[in-house]
Amino acid sequence: MTGRAGQERSGGRLAGAGALTRLGLRRSRIMIACWIYAVAAFAYVSVVGTRKLAPTVASRIPLQVAAATNRVTLALYGPAGDLRTLGGLATWKLNVYGAAAAALMSIFLVIRQTRGDEDAGRLELVDAGAVGRHAAMAAGLLTALIANLGLALVGGAALAVSGLPVVPSFAYGLGMAAVGIAFAAITAVAAQLAASARTATGLVISALGVAYLLRAVGDTANPGTWPSRLTWLSPIGWTQALRPYGPLYWWVLSISVLFSLAVITVAFALADRRDLGSGLLPVRPGPVTASPRLAGPFGLAWRLQRGPLLAWSACIAMYGLIMGALANGVASLVGNSTSIRDLFVKLGGHTGLVNAFLAATMGFMAIFASVYAVQAVLRMRAEESGQRAEPVLAGAVGRTQWALSHLAFSIIGPVVLLVIAGLTSGLVYGAASGDVGAAVGRMLGSALVQVPAVWVFAGIAALLFGLVPRVTVAAWGALVLFLGLSELGSFAALNRWVADISPFTHVPKLPGGTFSAAPVLWLAC
């Protein structure tokens, strides 16, 4: 018995899902390990650092009282009700960012095994064998489920090893995993609606942004009003409502489970209504003739790279505006708590509280720019593995010219992002402080001094692509490793030579710190 109908009668529509899941785990093992390690490492470092800086309830009360009434911090990090506990304070920021990390990991995993393989033509070859119609999507969802359970296990273990209670720690890990699984289900639906992996990814990232916005509006609204209930429409809000280090509400996990099952059911139903290679949403036809800008490799690279660059620019602009607004109230936020002041000084590297906060903020911006730089380099690998580079190189375009057209974005793109970060944060901070010109100048200097460290990661990714293309994705591991070393160096008193391995360690802490040209020049070289 041959053909799709025969395969489904003999093995069902999920035939082959187990084998495809094993294949997916093997293909994505490095990426999964990097995501899990990053979240677990930050969780551990956060607890260790918080215990040193705010060891007692009395030292944590001022921050809890201030954060509970500060709408900016509530929008960024969520409710402040559990900040009197060590676990609540240590995981406060991780509530949002850990959940977002789990969601992004799930998005990339499911897209890769569904729309990604479909766009590359691999899924058509797989489906020609004894594989059911829904096997690829089921495998993507199972891969995301296993990865999120691994995140829950390792992340919970990291919190428990750091000294927090065991049961709440693993409950916290399950909360992050629940968000990841919910967005894996949403991604499965997007893969049926969109006609390409890029469009599907954009749809789900937009859904993640809406979830963050709903949670932010709900957390900043007055309790008891209808806007405050918007939090319950967001998967990120569900994991915050779990409250592992407060009164633990296990029943909240059932919301994510029921939501995921319902959305997955919709995804399978939609899969029956479309053909392989198509999407349910209408596709706008392209122009009859190509733009003159596509006549050269740089124009093509711009066409491929502009989407991520514009998306990152919007995100960093928004983050810069928020951080600039928050800087003016940072003194009132920490109150008289010397331990929380020390936290910002540790992150910022010098003694001025506002300067330390702004320097720490710009350090986070540099991390975002580094992610973009690595992503821009990996686009070359995607073009090569997808066999789209071969027709380009078959013409009058040389390999070096083609590579430089993409590498230009890994060099210029981070500069653009950091300039946006400096301008937005400087404008808002300067408008409130009364000296816009000085504030913008200081923040631009703080932003641009980060550029050479970001270029290091672009260089590592390019080196891996040139020497061992198959392991180019290991550039993410280098970013996570160096970031962990720099953060651990601030909190855990590592040997100086260990912390110095990270490029971030050598960046002058501006504004307010001392500028030294030597480390900047070495990083650039």
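This is a guided tour of the model, stop by stop.

**Before you start.** The model is predicted: local features need pLDDT of at least 70, side-chain atom pairs count only at pLDDT 80 or more, and totals for chains, interfaces and linings use all residues. Residues are numbered from 1 along each chain as its sequence is written, and side-chain values use heavy atoms, leaving out hydrogens and water.

**Whole chain.** Show the cartoon. The protein chain has 24 helices and 0 strands. Helices (H or I, at least four residues) and strands (E, at least two) are DSSP runs, numbered from the N terminus. Of the 525 residues, 50% are buried. Buried means under 20% relative accessible area, exposed over 50%, and partly exposed in between (1.4 Å probe, protein chains only). Take contacts between residues at least 6 apart in sequence: 73% join residues at least 24 apart. A contact here is heavy atoms within 4.5 Å.

**Main core.** Select Met323, Met365, Trp402, Leu418 and Phe504. These touch the most other members of the largest nonpolar core, which has 57 residues. Such a core is a set of buried Ala, Val, Leu, Ile, Met, Phe, Trp, Tyr and Cys residues joined through side-chain atoms within 4.5 Å. Elements giving two or more residues to this core include α14 (297-327), α17 (353-385) and α19 (399-433). α17 gives the largest share, 14 residues. Now centre on Met365. Not counting residues up to four places away in sequence, Met365 touches Ile316, Tyr319, Gly320, Leu418 and Ala421.

**Second core.** Val110, Leu141, Ala188 and Ala267 are among the 22 residues of a separate core.

**Aromatic pairs.** The whole structure has 9 aromatic pairs. Rings of Phe, Tyr and Trp (its six-membered ring) pair if their centres lie within 6.5 Å; planes under 30 degrees apart count as stacked, over 60 as edge-to-face and the rest as tilted.

- Select Trp238 and Phe259. Their ring centres are 5.3 Å apart and their planes at 70°, so the pair is edge-to-face. Trp238 is in helix α12 and Phe259 in helix α13, 21 residues apart. Trp238 is buried at 6% relative accessible area; Phe259 is partly exposed at 27%.
- Select Trp302 and Phe409. This pair is stacked, 6.1 Å centre to centre with 20° between the planes. The pair links helix α14 to helix α19, 107 residues apart. Trp302 is partly exposed at 32%, and Phe409 is buried at 7%.

**Salt bridges.** There are 7. Each is a side-chain nitrogen of Lys or Arg within 4 Å of a carboxyl oxygen of Asp or Glu.

- Select Arg27 and Asp117. They meet at 2.9 Å, N to O. Arg27 sits in helix α2 (residues 17-27) and Asp117 in helix α7 (residues 92-120), 90 residues apart.
- Select Arg115 and Glu118. Their closest N and O atoms are 3.5 Å apart. The two are 3 residues apart in helix α7, about one helical turn.
- Arg274 lies in the loop between α13 and α14, so the pair ties together parts 156 residues apart in sequence. Glu118 is buried at 9%, and Arg274 is buried at 11%. Shared partners join Arg115, Glu118 and Arg274 into one network.

**Last stop.** Select Trp250. Trp250 is in the loop between α12 (235-241) and α13 (252-271). At 42% relative accessibility, Trp250 counts as partly exposed.
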